[in-house]
Amino acid sequence: MVNRGLVTQKNVPVPLKSISVEVRVQDHVSTVSSTLLYVNEEERPLEALFVFPLPADAAVCHFSAKIGEQEIVAELQNRETARDRYDDAVSSGQQAFLLEESAESPDVFGLSVGCLSPGQNAAVTIIYVTELDVQADHSLRFCLPAVLNPRYTPAGSGAGIVSEISSVCGAVPYTLTLSVHVSSPKPISKLESNCTLDPLVFLHSDHTQATVNLSPGHMFDKDVELFLYYQDPHQPSAIVEAGVATAPSGSLMRDPVVMISLYPEFPEEVMSSLATQGEFIFLMDRSGSMGEVMHHGIGAQTRIESAKDTLLLLLKSLPMGCYFNIFGFGSRFEAFSSYESVEYNQDTLDEALKSVKRMQADLCGTEILEPLKYIYSQRCKPNHPRQLFIFTDGEVGNTKEVLDLVKHHVLSHRCFSFGIGEGASTALITGMAREGSGHAQFITGTDRMQPKVMQSLRFALQPPVFNISVDWTLPDGVTVDTLSQPINVLFQGQRALIYAQLKGESSGGSEGTVTVKYRLKDQPVTNQLHFCLKPTEETGLSIHRLAARTRIRSLEQEERPCGADVESIRSKIVELSVQAGVSSVHTAFIAINKDSRQTVKGPLLQSAASDIHLGGNLLFLRDDICCSMMRTKGTRTRNKLNIGFMTKVRNFFRRGSKTAAAPTVQTTARLQPDCSPTVQTNSQSKSDAAPDPQKDPLLQLVSLQKASGCWDLDVTLADAFGKTEDELTNQKPAQVEGSVWATLLALIWLYGCKIDQRVEWQFVAMKAASWIRSQKVGDLSECVCVGNVLLGCQVTKDTLGI
């Protein structure tokens with residue numbers, strides 16, 4: 001067992017000594033350079049495989065290794081060629097490094113380090129480019145992943161080694177240094193983090209450039225999240241980047257590339273009347289890992305408890321007359337009452353809330369594919385668009401199969417996905433939302449889940465956008481090739497990105513225009529952006545690389561359908577990947593130190609390890625897996641009895657999932673956490689568990705609302721306000737009924753005491769105000785005044801919308 005921290009099975013510290021990360025943010029694009037120092041502390045040459053997470057949409061564009069004073073810059077090659085070169089080099093005693101993307105999930109990378117001599121240092125540098133996600137509070141989020149969770153693998157699916165890798169709690173044997181430089185055409189308002197930062201330093205008086213460092217001594221035991229706030233964040237923008245003069249004529253890297261950032265603005269009359277119809281299906285992960293705590297601070301909830309509170313808020317926010325259903329899934333799946341969606345009313349809501357209250361993280365594995373197949377097999381309700389909300393910690397091994405299924409049914413629903421806790425697969429969460437024309441959210445650390453989920457509900461209640469078209473107006477002599485996939489979804493205030501290659505030369509004009517047209521509730525809408533064709537300075541090639549990554553992902557999608565010309569598409573991917581220097585599933589970075597040739601004496605120590613951060617935080621080091629090897633050029637004969645685990649690790653990157661045998665089911669908690677006794681103990685009944693922390697007053701009030709939108713005047717409502725029932729009853733004006741008075745008080749309390757959490761209760765309040773208006777009570781000005789005095793608030797009648 002691992003006793004403390006990240007050590008070998010013999011309690012020897014792992015060979016990662018330091019991590020240094022530099023982040024350069026330009027507007028909403030970040031370039032990340034991470035240098036990881038490894039040391040072979042063994043007595044023999046070492047070959048190791050490190051498994052680590054990266055953002056699924058990252059474009060890895062540089063990989064190098066420095067041995068002493070000698071730096072070896074890796075080449076990007078066809079994957080099989082790179083692997084053969086790596087094997088040949090290690091077999092002949094040369095130091096070699098191989099970096100490749102997992103064939104099963106684009107957010108998992110493997111780094112093979114071969115023939116590292118005893119006592120030798122290797123500084124490995126990985127550079128990648130990625131876009132920053134827009135958050136519910138309009139900030140931009142940067143995340144440096146620290147956790148690679150185990151990916152649950154359904155029996156027989158044949159997914160790889162991640163199913164046998166478990167995260168370890170405890171102190172890590174090193175610290176992280178991180179520096180951030182931000183530059184933007186818009187002034188920077190502030191920068192926040194879930195970790196301790198040094199003060200933000202502005203480099204110019206206009207606050208368009210700033211630097212900040214992570215405070216010294218940070219232990220890299222959790223994701224590092226940064227939240228960047230700009231003034232006027234929703235302004236559309238365009239960045240034109242010059243190409244490389246030495247690149248082949250007509251190629252993506254030779255021509256200028258433009259990145260368009262659009263923030264669609266829907267007409268006010270449309271946004272003021274959100275949908276009152278729909279079929280809302282909530283798919284809740286109840287695997288064992290959902291029993292883990294959200295963070296390690298005081299009062300931390302488990303993932304399942306946080307998700308249950310959020311589901312309560314969602315259910316209370318649904319409009320009367322819609323349809324809904326709740327599914328829980330793990331190694332099996334079940335619905336709350338019927339496997340068919342039911343109409344939303346007080347009876348079905350009461351039954352659903354009882355089911356939610358009983359939910360536990362007790363369904364073992366994370367088999368999301370089967371419940372999705374069942375949901376998609378059910379006929380949609382006429383005139384009730386299907387909206388699918390998926391809550392999961394994202395730990396699955398059959399990601400691509402899941403995404404293919406969601407994409408196949410994109411015309412019948414919209415998919416809103418939520419990754420809960422650190423280590424949730426970005427490939428799965430963002431992929432489901434992308435393929436399902438929805439929106440993805442990640443909830444980590446001390447984040448409240450409710451604001452992010454309610455933002456997605458607002459998106460779901462927005463009317464769908466139809467007939468989206470993108471038109472370009474460019475000077476004579478200039479043409480455009482759109483590299484992004486066609487836009488199939490737009491949400492109010494959410495960024496839409498378009499990458500395009502500009503070809504030819506202008507005969508005079510210096511400005512271009514991109515026009516996005518669509519229909520919204522039978523109303524034509526046009527959004528337009530004018531931009532300068534002159535390339536922006538100091539962008540490097542980040543826009544070209546992101547554009548290449550976008551095109552590569554599109555081509556990878558085209559590989560999947562039956563009948564597609566797979567070989568032709570694969571050839572295009574490899575050509576573009578090598579030309580742009582951006583990784584893909586069919587290419588790999590290979591670096592060989594040709595001056596390091598040495599005679600291999602005896603067995604080469606082989607280690608399989610999982611990094612729980614970017615590139616080196618070893619989960620466990622298998623120094624018990626040694627084998628004798630007969631080395632000839634390009635071949636290896638291995639002792640099969642001793643190398644089973646190492647082979648599984650390498651096969652995670654070296655095969656398609658259908659060709660491998662299903663992994664052996666482990667009975668230890670460390671190797672199969674989703675079904676571990678420890679996790680099940682965390683899901684014990686309330687009678688055996690520690691007392692619950694004080695109920696959130698907002699959720700307490702919301703839980704008392706009726707499906708119609710009203711509240712009852714009773715002791716439970718009084719308790720939510722911190723009052724007695726007599727205090728509420730004695731102050732009730734004579735002209736109103738008890739339920740109207742109770743609902744009015746609830747609205748006053750929400751606006752007067754919880755205005756900072758409005759995004760969470762906005763739909764609850766809309767239902768309440770609508771219900772009060774339906775009662776046709778007359779002038780309620782006196783009631784509002786009395787209610788303000790009773791609750792100690794100062795809310796105007798107009799504010800309440802009654």
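Start by selecting strand 16, residues 224-230, which is mostly covered: 7 of its 7 residues are buried. Buried here means under 20% relative accessible area, with exposed being over 50% and partly exposed in between, using a 1.4 Å probe and protein chains only. Helices (H or I, at least four residues) and strands (E, at least two) are DSSP runs, numbered from the N terminus. The model is predicted, and local features need pLDDT of at least 70, side-chain atom pairs count only at pLDDT 80 or more, and totals for chains, interfaces and linings use all residues. Residues are numbered from 1 along each chain as its sequence is written, and side-chain values use heavy atoms, with hydrogens and water left out.

Show the side chains of strand 16. On one side are V224, L226, L228 and Y230, on the other E225, F227 and Y229, and both faces are covered, with all of these residues buried.

Strand 11 runs antiparallel to strand 16 and is joined to it by 5 bridges; two strands pair if DSSP finds at least two bridges between them. Within this pairing, L140 stands opposite L228.

K190 lies over the face of Y229, at 4.6 Å from the ring centre. A charge sits over a ring if NZ of Lys or CZ of Arg is within 6 Å of the ring centre and within 35 degrees of the ring normal.

**The whole chain**

Of its 802 residues, 57% are buried. Among contacts between residues at least 6 apart in sequence, 74% join residues at least 24 apart. Contact means heavy atoms within 4.5 Å.

**Aromatic pairs**

Colour the rings of Phe, Tyr and Trp. Rings of these residues (for Trp, its six-membered ring) pair if their centres lie within 6.5 Å; planes under 30 degrees apart count as stacked, over 60 as edge-to-face and the rest as tilted. The count by this rule is 19 aromatic pairs.

Select F389 and F418. Their rings are stacked, at 6.1 Å centre to centre with 15° between the planes. This pair links distant parts of the chain: F389 is in strand 23 (residues 386-392) and F418 in strand 24 (residues 414-420), 29 residues apart. Both F389 and F418 are buried.

Move on to W472 and F531. This aromatic pair is edge-to-face, at 6.3 Å centre to centre and 90° between the planes. Distant parts of the chain are linked here too, with W472 in strand 26 (residues 465-473) and F531 in strand 30 (residues 523-532), 59 residues apart. W472 counts as buried because its relative accessible area is 18%, and F531 because its value is 5%.

To see a group of rings, select F282, F389, F391, F416, F418, F459 and F491. Ring pairs link these residues into a cluster.

Strand 29 covers residues 511-520 and pairs with strand 26 over 7 bridges. Find D471 and its bridge partner in strand 29, T515.

**Two single residues**

Select G328, found in strand 20 (residues 323-329). G328 counts as buried because its relative accessibility is 2%. Not counting residues up to four places away in sequence, G328 touches M284, R286, F333, E334 and L363. For a distance to check, G328 and D362 are 10.0 Å apart, C-alpha to C-alpha, and 34 residues apart in sequence.

Finish at T430 in helix 7 (residues 426-435). Is T430 buried or exposed? With a relative accessible area of 18%, T430 is buried. A polar atom of the T430 side chain lies 2.4 Å from the backbone oxygen of T426. T430 touches A56, A440 and F442, again leaving out residues up to four places away in sequence.

Notes: A polar contact is a pair of N or O atoms within 3.5 Å; within protein, one must be able to donate a hydrogen and the other to accept it, and residues adjacent in sequence count only if both atoms are side-chain atoms.
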